Amino acid sequence: MPPIFSSRSNTFVRVSIVVGLIAITAIVGYLVWWTHSSTFNQVGVKVPQPVPFPHNFHVAVLGLNCRYCHTGVDKAAFADLPPTETCMSCHSQIATNDPALAPVRDSWKTGKPIAWNKVYQVPDYVYFNHQAHVGKGVACETCHGRVDQMTTAVKANAMYMSFCVDCHRDPAQYVRPRANVYDMGYKPDGDQHKIGEKLVKDYAILPPTQLMNCSICHR
Amino acid sequence: MEILEQTPIIEPGHTSLSVTSAIADVPLTPIRRTPVGWIAGLLLAFAIMMALLYAVGALFIEGIGVWGVNAPVGWAFAIVNFVWWIGIGHAGTLISAILLLLRQDWRTSINRFAEAMTLFAVANAALFPILHLGRPWLFFYLMPYPNSMGLWPQFRSPLVWDVFAITTYALVSLLFWYMGLVPDLATMRDRAKNIWAKRIYALASLGWRGSARHWSHYLSLYLLMAALATPLVISVHSIVGMDFAYGLVPGWHSTIFPPYFVAGAVFSGFAMVLTLLIPLRAAFHWKDFITARHLENMAKVMLSMGLVVAYGYLMEIFNAFYSGDIFERANTLDRFTGFYSPLFWGLIAANVVIPQLLWFKGVRRNVLVLFVISLIVNVGMWLERFVIIVQSLSKDFLPSSWHIYLPTIYDILTYVGTLGLFLTLLFLFLRVLPAISIFEMRELVHETGHHNAVAVENATDGKAQVYPAKPTKKEADTAKGGR
Amino acid sequence: MDNTLIEDKKQKLYGLLAKFDTPEALVAATRRVYEAGYRKFDAYSPYPVEGLQQAMHLRSSPMPFIVLAGAIIGGVSGFGMQAFATVIDYPQNIGGRPLFSWPAYIPITFELIILLGAFAGVAGLFFFTRFPQPYHPVFNSADFNAHASQDSFYLGIEADDPQFQLERTQRLMEQLGSVQVSEIEA
Amino acid sequence: MTTNSDEQRQPLDLAAARQQLREKKGKDYWRSLNELANSPEFEKVIEQEYPRQASLLGTLNRRDFLKVLGASLALAGLTACVPQGSDKILPYVKPPEVLLPGKPVLFASTVLQDGYGQGVLITTTMGRPIKVDGNPKHPATLGGSDVFMQALPLELYDPERLKQVMNQKTAKTWGDFTNALGSLSGNWGQGAGLRILSGMTTSPSLIDQMGALLKKYPQAKWVQFSPVARNNSLAGANLVFGQPYEPVYDFSKADVILSLDCDFLFAEPGHVRYGRDFGVRRQPISANGTMNRLYMIEGSSTMTGSNADHRLAVKPSQIEGFARAIAARLGLAVTAPTGDVAGQPWLDALTADLKSAGKGALVLAGERQPAAVHALAYAINQALGAVGNTVNFIAPVAQGYAGDGYTALKTLAQEMSSGAVDTLVILDSNPAYTAPADLDFVKAMGKVKNVITLANAMDETAVLSSWAIPAAHSMESWGDARAFDGTISIIQPTIEPLYGGKSALELIAALLGQPVARGYDLLRTYWQGQLKGGDFALTWRDLLGKGVIADTASAPIASLPTATLNGMGALPAAASGMEIVFEPDYTVWDGRFTNNAWLQELPKPLSKLTWDNAAYLSPATATKLAITDGDMLILHVGERNMQAAASIQPGQPDDVVVLSLGYGRKEGGSVLANSGFNANLIRTSAAPWFQSGLQVTKGREKYTLATTHEHWTMENRDLVRSTDLEDYKAHPNFAHDGEEQAITLYGQEERTGYAWGMSINLNSCIGCNACVIACQSENNIPTVGKDQVIRGREMHWIRIDRYYKGSANRPRFVYQPVPCMHCEKAPCEVVCPVEATSHSAEGINEMTYNRCVGTRYCANNCPYKVRRFNFYKYVDENVASMRALRNPDVTARSRGVMEKCTYCVQRVNEARIQAEAEGRPIADGEVQTACQVACPTQAIVFGNINDANSTVRKLKDLPLNYGLLADLGTQPRTTYVAQVKNPNPMIKEEA
């Protein structure tokens, strides 16, 4: 009676064990990579908009300040989107019949608002306050990236909690002088951490022991 | 009604081959000749298990609200069952590990079965911590894993300890059990007729061929794992005890909980082993291997553990009054006279009074009575956990918040369902694996038969040695070239 | 030519397998084989046999050290993880308890000691016994398959033992009180 | 909410007022939502009308809204079209001024309670009113509030409101109605067949309009009726002064108060103000003078009685005898009863006390007592010289009302059944339900050709009316009202009528032939006529900002005649046997709030009963009749009878069955469906408040009542620490007797920065529940329904524990509001396995809902049992109209999540951000929790205990300050000011 398994089976079994282990690690690795990929969290993915608003032109070329349109950013929790009125303040004279601007003109005529698509959407249980951050020297760029290089805005990062906590744990890494909050491509003159430390003091930014509290963002 | 005589731990006249076939042929029965009783039993168990499926379905769709839990009684059946099952789970590891270390050779005929029982009990127990969550789909928040929130579990919480304790306990018991099975799987491989059965057993037996080298590593590891499992068992139920001792609820906040929970666990565990073995040994004609000695010994362990538990109760009551803490006192009085007092007195009867019968040899050797007592203890220990958890919560500090708990049909179905799951697994186990450790039985046969074996030269010094034998320095050296 | 015949027989010969009825016989035989200078041999029994290990002059198993290593790794990493999480990575005021609440870390540390200890042990067993090993030449012997795991004891000498010479070895084995000696092909 | 401190509120209001005016002129973002009424696409329209809000709603969709039972059904059609989780942002086309996204705007307005105005501040976010609090500038509230005021937002957004004009069960439009009205009014002639039935009306503009109407139709009649109107009070005045004057009390001056069955902390107009003044005088260490003393003799156990120093529960019919005895002892010309009266042991001590108090004394009679008792009370006050000090008399606030509501309604019913009435117009009244049984009003309505009802919902009256007009909510409409003391304040809308409702002003205007007149214009024109001199636009703007028209409180009657008691007959013969006693309900009043889930689930102050009323009996009575809790009783009074479930309540008078109004309603919503028992079935116009000759028989079946409090006593645990003034003076430290210093293993980390804490003053708390509803409204707390309450799963974050002291027949009551204690060594936090509850640097015990997995371990381990668990998905995501009710600053919790009081952390954060932006520290009182704002007696104080000058710190430094269960070492941040009672040493309370 021959043995149940041939002599080759030994190698087979051992190889399959090794392969199995590799496979598992590979799968786990893939999942981790995938959850950080842009397909998963939409980072850098263009969101279709009724009007292809070119941020790069308005910011980089025309040099409009963020607040010109996002009026609430330093006054309230919401950064706020510009009312049609704001667009019309220029586009009643400039590019008055540019087809791309048709929706704006329609909205102005009909009084129906323009339906922009959201780019950033934090969960309901997260209470982010633009005023508080802008006022403490956290720049637009820090979260929203180089808007001056975008046409229609794209998500600059996944906005995972770990991203927020990273700064709340040590704001000195990121804060800049209030004067430069709306700048794009700002380079600290000198060691960011030294400058940061000083600003944290000057702006009386809360200590990590408090910034890391749950109730700072969740209520 | 049979009254058993004083008997050895294995009936005489057995040989390696006879024990092997007696045990191994049970799972190897051809499918066509599967006993009707087994099929019936499995179907029944399976049917009961469906109740669990239904109840859990409702639970996940509707929410925890389908249970009777409320404020203030946030924990009830789920946690009671959890503690109960975990407790039962303790007998297995205890028998196979502690008794092994204590060289109680009577354990050999029951350890395999007890370990299997442990696994199934733990499987049931492990269900409840997840089921009782308000948002069970987030159970993994209790485990440390790299996450996008940068958060960790709260390691000060006994519930996190539980997660680690139960996982460890389940895995280690599984390994221990499987390790014990390997040589027997080889036997199964060699006895199986069906080629597929052969193949499966062959794979499972990892290529065991009983080589002396195998045995030396194997026995060494088996002993070590026993040494690991022993403190593990104790730690697990201590931690379960701490779930309560850690809280400041009157009736929970007590330092004796860990040891007293461990004792309770062993108590209920042995009760469950008896409850299951007594019918099984009859059904499978194992009376030769599981003799009156086994039953009696287990009865003795039960009795002693029962006394430890009784001491626990006594201390709880004593401390409640001695401490002068009005909340503790009120809680204890409520146990005596309150809404749940019938359950309290019930558990006292079942866990303290009735087990005292085991003082009498007659009782210990009367299989039927023993069976009934073991059943009563199982019930009693369930009641104990219910009273500790529910009664304490229902009347804590502020009278304004007092509220009683009553189970709903879903509470009950969930509990009954787990019994179904347990039995289902048990039946499947009996059908495919040897329920008694064959190689250890062979060894037992050899040892018991040893005195009248032919004296071979030097056979004696072999016998004199404690094994796995340590080679003398010289031998070790000479062996260098040997490999 | 006889030689060559032996030669190529030796090629596909794994070794010789002697069968014994009692463990005592096996132990005795093993001793003799070792004294005869054979080293590449192994004894097979359906249950652990006392004295066999000495007879074969096997070194005692290194398992305890492996388990110990695993346990230490488990303990250190377990405690370290908790301390890191609660003190360094995300310190939080939990019920006014100190950040470094070492007593609360003990249970988990302990559990991990046990867990990794056990894992290391099993891994070690697999390593030293070369498990899983579904095929082994001895399985070529139908008699071995039928009895080795149940009621008989075997002693196998491998053909590539320098001492091995078919006839001589066979003769030796028959003198050891074996009930039968059979050739196992590789 | 940015802040509640006045100085900052003022400009906001002015801005708000300007806002109001501008939008009224220009076609602005504030466009009418009328078309919504019928549109199934509520959500879409909203998005156009309220772009800002829509953008919020987008994210809010998934945030759960508060649940109204069965509302999902009511709105099934509507919800079908609501997109879940919209990802659109809709900015304005033209941005409105003053409206900064995410910043709330406060409006000063007025809400009505039985006609009487209560000044309020309404918080709106994104044009949605979400919170109502008292207006500190208004005399009736002084910033305090009551449960009804707090529950108004839910009433506003109630999806079961009447949404369109109904004509015989068919939907019509306002246009159809006015057309029909045109032809109808044609044959009114002199208006002989025209009757108007309204609730109590204090609105000057409306009264003015009524005048116009009655001028146009001289033979028409206007009847005012409310089941709880101030009839006996006025009649009593009529008896002694010959005029139906209305009494106004000043508790701030009252040293010794004798209440003859008067529940002035709840049932009287101005009770919120009374509560404040009364509470201020309850302090053992009191800035303004001595601690007051309250004697209460009452016919049912009331909230006021539970706060008395001396309380006596007797049959209501016995109180007149007692009053006469007192009067006689004070030397008034009145026939005192011969022999002992109820409360005999009090008489000497009490009269002595009253005498010594002199003008500082105050005797008041409750509406339940007949005119005679009121007359006695007035006379006694006058005799003691209290009139002009603690009590004043003014002309009836409901102008021209003589306290004859019941008789007037009776006449009306007779006229109706006689066929004399051809058109009946009903405003703010539900007579088909509230009318006493003997009037048989429903049958009478059948005899009237045209019944036009201005209804909030399809209630009992509306379903019987030929025309049901959706009424505009007081938060949707323009109007005015007078407070208990006559002060006039303006009602201004904070949102356009959601369902195109009409205000009373607009309906009457239509009757006057102005179908399109807008409430705003009507009101403004009226006041333009009233306020002569100066730039009206300015004055108008200013009074809208304040909400109150200054110095309009009615002047006390100058030459008050000396009370003559000869008008009143002899003491009616003492009635034997049992008595049925009625009372306005503590949570649904006369039934107008019965469809409000918040109020339905609110535990009544004493019985802690929810979702029902019940026949209250004293333990003694129950034993006598062999009745147990939940037995169905059949109550026979005269030839009428009704069924009601029994509830045994210590403290109720013996031989009495107490039944509250407002339950057992049949029409008008799904929330009120089969809850409670309709007292009006045995209530007669002759004896609306109590009647002897009650026969009680025990029915066969049982009825399950849902109470949140199943235990009576404190089990000798020093939870509520209280003593008498005498004893307190002897041992000011009594609150700490036998308290051990709780020691901790873990050192005390020193507090830096803000350390939030709360102090709850048990001397002030009157158990009114305003805080409970305020919290519910602020924190999006769901209601769970009766069966869940029975299972002990109510969700209130702050509850008011009620304990009984002493014997079951003569118990004393104590209240203890219990929010989260925010323990510094929180037992809940250490057991949470996922860090879902942790401690903030400022000492707040945080609850992170999105991290919670729901082990409920924290709740088990909380000694105060303040944690609440979502056993089911209690929040209602489906009801579109309810979305707007949600406070956007608070996450609503889904199934399987633990929740609890957070010290209104959203307000703390808002204040911190604001303060940091302005580079200043948060001022004391800048952050006020919802419960604190709502509390009429200022019993709750919140603040920074690190600030040695903060109010809360000062309270915590008092010797009376103690922590609940502090011996456990939890170190609670919420502590209590121990209670000190002020009984008369001359009176020995027999236990």
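**Entry 1: chain B against chain A.** I started with this pair and found 9 residues of chain B in contact with 6 residues of chain A. I kept in mind that this is a predicted model. The area buried between chain B and chain A came out at about 690 Å², with carbon and sulfur atoms giving 80% of that. I looked for salt bridges between these two chains and the count was 0. For polar contact, I noted 2 residue pairs between chain B and chain A, both residues at pLDDT 80 or more. Which helix gives the largest share of the side of chain B that touches chain A? I found helix α6 (residues 195-204) of chain B, with 4 residues. By class, I listed 4 nonpolar, 2 polar and 3 charged residues on that side of chain B.

**Entry 2: chain B against chain C.** Next I turned to the other partner, where 72 residues of chain B are in contact with 68 residues of chain C. I read off a buried area of about 6400 Å² for chain B and chain C, 68% of it from carbon and sulfur atoms. Which residues of chain B lose the most area to chain C? I wrote down B:R156, B:R209 and B:H217, which together make up 13% of what that side buries.

Entry 3: I located a salt bridge between the side chains of B:R213 and C:D42, at 3.5 Å from N to O. I also noted 24 residue pairs in polar contact between chain B and chain C, counting those with both residues at pLDDT 80 or more.

**Entry 4: what chain B brings to chain C.** I went through the helices of chain B that each supply at least two residues to the side touching chain C, and listed α1 (16-28), α5 (158-191), α7 (212-245), α15 (438-448), α16 (459-464) and α17 (473-479).

**Entry 5: one helix in chain A.** Last, I checked helix α9 (residues 161-169) of chain A, and its buried residues are A:V165, A:C167 and A:H168. Looking down the axis of α9(A), I saw these buried residues fall within an arc of 165°, so they line one face of the helix. What covers them includes α7 (130-135) and α11 (208-211) of chain A.

How values were computed. Residues numbered from 1 in each chain as written. Chains lettered and ligands numbered in written order. Predicted model: local features only at pLDDT ≥ 70, side-chain atom pairs only at ≥ 80, totals over all residues. Heavy atoms only, no water. Contact = heavy atoms within 4.5 Å. Buried area = accessible area lost by both parts, 1.4 Å probe. Salt bridge = Lys/Arg side-chain N within 4 Å of Asp/Glu carboxyl O. Polar contact = N/O pair within 3.5 Å; in protein donor to acceptor, adjacent residues only side chain to side chain. Nonpolar A, V, L, I, M, F, W, Y, C, P; charged D, E, K, R; others polar. Buried < 20%, exposed > 50% of the residue type's maximum accessible area, 1.4 Å probe, protein only. Arc of directions from axis to C-beta.
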